[in-house]
Structure formats: structure tokens, C-alpha cells
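Hi,

Here is the structure I promised to pass on. Have a look at it first, and then read my notes below.

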Amino acid sequence: MRVLVTGGAGYIGSHTLVELLAQGHQVCVLDDFSNSAADVLNRVEKLAGTQILSYVGDIRDRPILDRLMQEFRPEAVVHFAGLKAVGESSEKPLLYYDVNVGGTCNLLGAMTDAGCNHIIFSSTAAVYGASSKMPCDETQPRNPSSVYGRTKLVAEDVISDWVASTPGTGAVLLRYFNPVGAHASGVIGESPKGVPSNLFPVIAEVASGRRQQLSIFGDDYDTPDGTCLRDYIHVCDLAQAHVAALDYAIGRDGAPAFNIGTGQGYSVREMVDAFVRISGEDIPSEIVARRFGDIPKIVADPTLAAETLGWKAERGLDDMIASTWAWFSSRQS
């Protein structure tokens, strides 16, 4: 198939490109490189052994979307492009709604005009907020505690309404838990611009000496050791979930949602201890005030994805950490 990947130069997008190309799909990338490096696509090409068509642009830019649709003629879209920092979203809510909701509306309009009828959407477990049921399954109410989570909830609803109103269209909403790790080759991995907002790159920076210590946002949550507990998933498992979702979506209508996680939770302290064990490096830390929008714990029930998409996570915690450390270490040499 011809697949447009918005945000394809980003962390999850680049790993998904590798999987799509391995399955024989033709891909085209739209990215504004606001949180990714231009050479990422060169590295993906090296891994895949093929060239990638790409356009530089923002999903809010309708003319470039229309040109891309006309020239590439995608049969499906995997939609990653968006903003994702929980803390920043409370400081810049209008920007987050503009990009995450407005950009999605713009993309769906261009797809409609071009007759492109299928979309796989990069959603998030943040739409659940502090779920009362753990592990959390897809029947749980959506009650996000952050602006970021609310923008993803609205985007899910926009996509669902588009599918309901447009015959022949279909979507899959993938609610990620916490992506970590890197490709086994060490060629691609997580490389955010500016100050990282995710736990793993910060831990890696402390372990390598680039950062003095790790700030742990609160140790008085209702978890076994007081620190936030999350379901971490290897980015390559997550990438494979997109291929499974694409296979599932073609020929089906509706917009079902699936949790993409492992079903296993780890606290911040547990992650730090495991990183120390595998890297052999000290990771000094300090407890600071809670971060606005964080919830105490959330763990996926991924049963529906296994039963419906035929997908389940295969990589464990040690591989998540080892691949992260190998990727990060290679960039420092």
C-alpha cells in the first residue's frame, strides 16, 4: 500500500517506517522537523535499503497536504504528527489544540478530498486519566487530567465522527502507554530536541554524566514506593502494532480503540534501579514537587489488541533499557 506517515521523522514514526518498509509498503513522510532531526530519514533509508519520499511541512498547512495527496496518492495515513509534553500543554493550551485537534481536522479534510479512506491514529493512555480500574481496558471512561490528554480525546472523537459520516472510511485509534527503547541496530532511537520530557532520555543523560541528577516528581503517590507507576512498552513492539492496525483497518469501517502496552507496571524508582543494574552507572536523583497533570499509576490491559489485531508486546524491560543505553552511548562516542 501507499502509506502517508505524518510525523514520520519522530521517535515512534521513524521506528514505524522501518516496520512498514519491511512489510513492503510504499511510504511518504510529512514532517516539519520541529522535534526531530532531518538525518533521521537518512538513517531509516540505510536500515531499509530504500529511499523515502518526504515533504517538509506542518499538518496545519492545507496546500502542502493537498499537493502531497495529489502527488503521492496515499491509500492510508498513519498519523503521528502532534505535540505531546504534558507539562507544556498546560502552559500552551491553544497551541496544543491548534496542532493536535486542528491539524487532525485539516488532515481528514485533505484525505476526504483525495479519497484516502483509512487512518491509524497515534493516541495515548492519557485519555483515561486516573482510571479506577487497573489494569485499564478500553471500556474505561475517558477522563484526562492534562490538556495534552484532552486534545487527544477530542481528536479521537473527530476521527470517529469523520468515519461515521463518511461511507467507506475506517480508522484505528491506538492508545499508547509509555514508549521506550531503541532499534536493535543502534541506528535510530529517541532523540528529542531541547530538554527531554520523557523519563528514559533523562535517566540516560544522568547515567552518562551529561545531567547532574534526575528529578523525581513526587514520592507520595498511592503506589508501592510512592513514585509514579507506568506501563512501559518497547518502541519496536509499538511500531509493529501500527502495521497490525493497518492490516486490520483495510476493508473495515468504524474507529475502534486499542490499548498498546504490556500489562506490566514499573515505578520511577524501579526504572532507575534497573537502569543502574544494566548500565553499570550511578544515577543520582532528588525528589521534587509533583508535576501538574501526572497521575499516580496506569497499566494497560492489552487483551483486546491481542485478540483483535493479533498483536502483543514481545520485548521485556531489560531489552528496553539495554537498547536505550546502547543508542544513547553510541551518540556520545
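First, the ground rules. This is a predicted model, so local features need pLDDT of at least 70 and side-chain atom pairs count only at pLDDT 80 or more, while totals for chains, interfaces and linings use all residues. Residues are numbered from 1 along each chain as its sequence is written, and side-chain values use heavy atoms, with hydrogens and water left out.

**Helix packing**

Helices (H or I, at least four residues) and strands (E, at least two) are DSSP runs numbered from the N terminus. Axes are lines fitted to C-alpha atoms, for helices over the stretch in contact, with angles from 0 to 180 degrees between N-to-C directions. Contact means heavy atoms within 4.5 Å.

Start with helix 1 (residues 11–22), which packs on helix 2 (residues 39–48) at about 30 degrees, the axes being 10 Å apart. That makes helix 1 roughly parallel to helix 2 (angles under 35 degrees count as roughly parallel, over 145 as roughly antiparallel, 65 to 115 as roughly perpendicular and the rest as oblique). Ser 14, Leu 17, Val 18 and Leu 21 of helix 1 meet Val 40, Leu 41, Val 44, Leu 47 and Ala 48 of helix 2. By class, that contact has eight nonpolar residues, one polar and no charged (Ala, Val, Leu, Ile, Met, Phe, Trp, Tyr, Cys and Pro count as nonpolar, Asp, Glu, Lys and Arg as charged, and the others, Gly among them, as polar).

Helix 1 also meets helix 8 (residues 235–249): the axes come within 8 Å and cross at roughly 60 degrees. That makes helix 1 oblique to helix 8, and this crossing is right-handed too. Among the residues in contact are Tyr 11, His 15 and Glu 19 from helix 1, and Leu 238, His 242 and Leu 246 from helix 8.

Then there is helix 5 (residues 93–114), packed with helix 6 at about 15 degrees with the axes 9 Å apart. That makes helix 5 roughly parallel to helix 6. The contact includes Tyr 96, Tyr 97 and Leu 108 in helix 5, and Arg 150, Val 154 and Trp 162 in helix 6. Its residues divide into 14 nonpolar, four polar and one charged.

**Loops**

Phe 33, in the loop between strand 2 (26–31) and helix 2, has a positive phi of about 60 degrees although it is not a glycine. A cis peptide bond joins Met 134 and Pro 135, with omega about 0 degrees; Pro 135 lies in the loop between strand 5 (118–124) and helix 6 (147–165). Ala 255 sits in the loop between helix 8 and strand 10 (257–260). Its C-alpha is 5.2 Å from that of Val 172, although the two are 83 residues apart in sequence.

**The second largest pocket**

On a 1 Å grid over the protein atoms alone, a pocket is an open set of points where a 1.4 Å probe fits, with protein on both sides within 12 Å along at least five of seven lines; lining residues have an atom within 4 Å of a point. The second largest pocket is lined by 16 residues, with Pro 192, Pro 201, Glu 205, Phe 328 and Arg 331 nearest its centre. Helix 7 (199–208) and helix 11 (317–332) are the elements that give two or more residues to this lining.

Cheers

How values were computed:
Left-handed = near helix turned anticlockwise from the far one by under 90°.
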